[in-house]
Protein chains: 2
Amino acid sequence: MPDKTYTISALAKEFGITTRTIRFYEEKSMISPMREGQKRLYSPADRARIKLILRGKRIGMTLQESVDVIDMYDPEHNNADQLHALINVVKQRRENLRQQKKDIDDMLAGLDEVQSLCEQALATGTTDNPTLTPNPNPNKADRKPL
Amino acid sequence: MPDKTYTISALAKEFGITTRTIRFYEEKSMISPMREGQKRLYSPADRARIKLILRGKRIGMTLQESVDVIDMYDPEHNNADQLHALINVVKQRRENLRQQKKDIDDMLAGLDEVQSLCEQALATGTTDNPTLTPNPNPNKADRKPL
DNA sequence: ACTTAAGTTTACGTTAACGTAAACGTCAAT
DNA sequence: ATTGACGTTTACGTTAACGTAAACTTAAGT
């Protein structure tokens, strides 16, 4: 059954997005589902595209960037000139991802630290809050150390 | 010399952002540099904040989310109640990051594949572009397989 | 004294990525 | 036949994250 299809709401539910979002992606020519009469019918390929888009979003790519990545799989752009350009894009993208992984690891290290501080503060029962901070919203102009 | 300071343009240059961006962060109370007369003067702590903000951005966090992370380092919010809440936030954030790393690894695997395809296509000299695609901008309504 | 560089505030403009609502079609079930 | 559940198009609204420009001020160099 290699020609399975999906309804718009099924995909929306599966991916935790709204139907509006899916139609929006279509407006942007990121997907082009078939029609059965008036209804949209999504192929596994369409579904895969959405998956790539969402994956891209999670790591901070714009929709256009996701499209660029998806287009890499598109045999249309495969003349020799563009293939070299594409390889460079891949290289660049790879470098971005490497940086992102470093950022994430740094963040995780930071979280470790924060968590330690929390647990430590809880253990020693250090509740230091003398004035009960009566100031509801002091414009937040007062920042703290680090 | 633990009280080094930075000018706005120095930081802008260092981080590859504009001064407008830095002032924008200040508008949002994300940083609060001192003033020397009218000029802003940034402390190492301010600089660290900007670093965290930019790191967050690179992995797709919103500015507010970055602020949330930064606030974890802020001893102000440390009463016992909030400490537990904070630990949960940390936990959740950790899970997000784990997912992001997976996304990145998946992307990297995809890039490997694309690159292989490129090099393979170049090797065999498969230049298939028969009609020279005369169509300037066919509304892009025609999508491709995957 | 003049220019140049860097900084300032205020305000309006812009782009991406949807949300929300109106107004309507379709089909199965009661 | 009507009520939902689900779908559709069209269009205007919204938020985040700045960009851009105007119209200064201040400090430093020549």
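Predicted model: local features only at pLDDT ≥ 70, side-chain atom pairs only at ≥ 80, totals over all residues.
Reader: Is A:D103 buried or exposed?

Author: Residues are numbered from 1 along each chain as its sequence is written, and chains are lettered from A and ligands numbered from 1 in the order in which they are written. A residue is called buried under 20% relative accessible area, exposed over 50% and partly exposed in between, with a 1.4 Å probe and the protein chains only. The relative accessible area of A:D103 is 1%, so A:D103 is buried.

Reader: In which helix does A:D103 lie?

Author: Helices here are DSSP runs of H or I with at least four residues, strands are runs of E with at least two, and both are numbered from the N terminus. The helix that holds A:D103 covers residues 80-124 of chain A and is named α5.

Reader: Which residues is A:D103 in contact with, leaving aside its neighbours within four places in sequence?

Author: A contact means heavy atoms within 4.5 Å. With those neighbours set aside, the partners of A:D103 belong to chain B: B:R55, B:R58 and B:I59.

Reader: In what order do the elements of chain A run?

Author: Chain A has five helices and two strands. Read from the N terminus, the order is α-α-β-β-α-α-α.

Reader: Which residues are the closest to DNA strand D?

Author: A residue is near a strand if one of its heavy atoms lies within 4 Å of that strand. DNA strand D is surrounded by 17 residues, and the closest are A:S9, A:R23, A:R40, B:T18 and B:L63.

Reader: How much of the part of DNA strand D within 4 Å of the protein do sugar and phosphate account for?

Author: The residues around DNA strand D number 17. Among the atoms of DNA strand D that come within 4 Å of the protein, the share of sugar and phosphate is 74%.

Reader: Which side chain has an N or O atom 2.3 Å from a phosphate oxygen of DNA strand D?

Author: A polar contact is a pair of N or O atoms within 3.5 Å; within protein, one must be able to donate a hydrogen and the other to accept it, and residues adjacent in sequence count only if both atoms are side-chain atoms. For A:R40 the distance to a phosphate oxygen of DNA strand D is 2.6 Å, and for B:K57 it is 2.9 Å. The side chain at 2.3 Å is that of A:S9.

Reader: Which element gives the most to the surface near DNA strand D?

Author: At least two residues of this surface come from each of α1 (8-15), α2 (19-27) and β2 (39-41) of chain A and α2 (19-27) of chain B. With four residues, the element that gives the most is α2(B).

Reader: How many charged residues does the surface near DNA strand D have?

Author: Ala, Val, Leu, Ile, Met, Phe, Trp, Tyr, Cys and Pro count as nonpolar, Asp, Glu, Lys and Arg as charged, and the others, Gly among them, as polar. By these classes, the surface near DNA strand D has four nonpolar and six polar residues, and its charged residues number seven.

Reader: Which element gives the most to the surface near DNA strand C?

Author: Polar side-chain atoms lie by phosphate oxygens of DNA strand C at 2.9 Å for A:K57 and at 2.3 Å for B:S9. Two or more residues of this surface come from α2 of chain A and from α1 (8-15), α2 and β2 (39-41) of chain B. Four residues come from the element that gives the most, α2(A).

Reader: Where does A:S29 lie?

Author: Most residues other than glycine have a negative phi. A:S29 is not a glycine, yet its phi is positive, about 60 degrees. Its place in chain A is the loop between α2 and β1 (34-36).

Reader: How many disulfides does a search of the whole structure find?

Author: A disulfide is a pair of cysteine sulfur atoms within 2.5 Å. A:C118 counts as buried because its relative accessibility is 3%. Over all chains, the number of disulfides found is zero.

Conventions:
Heavy atoms only, no water.
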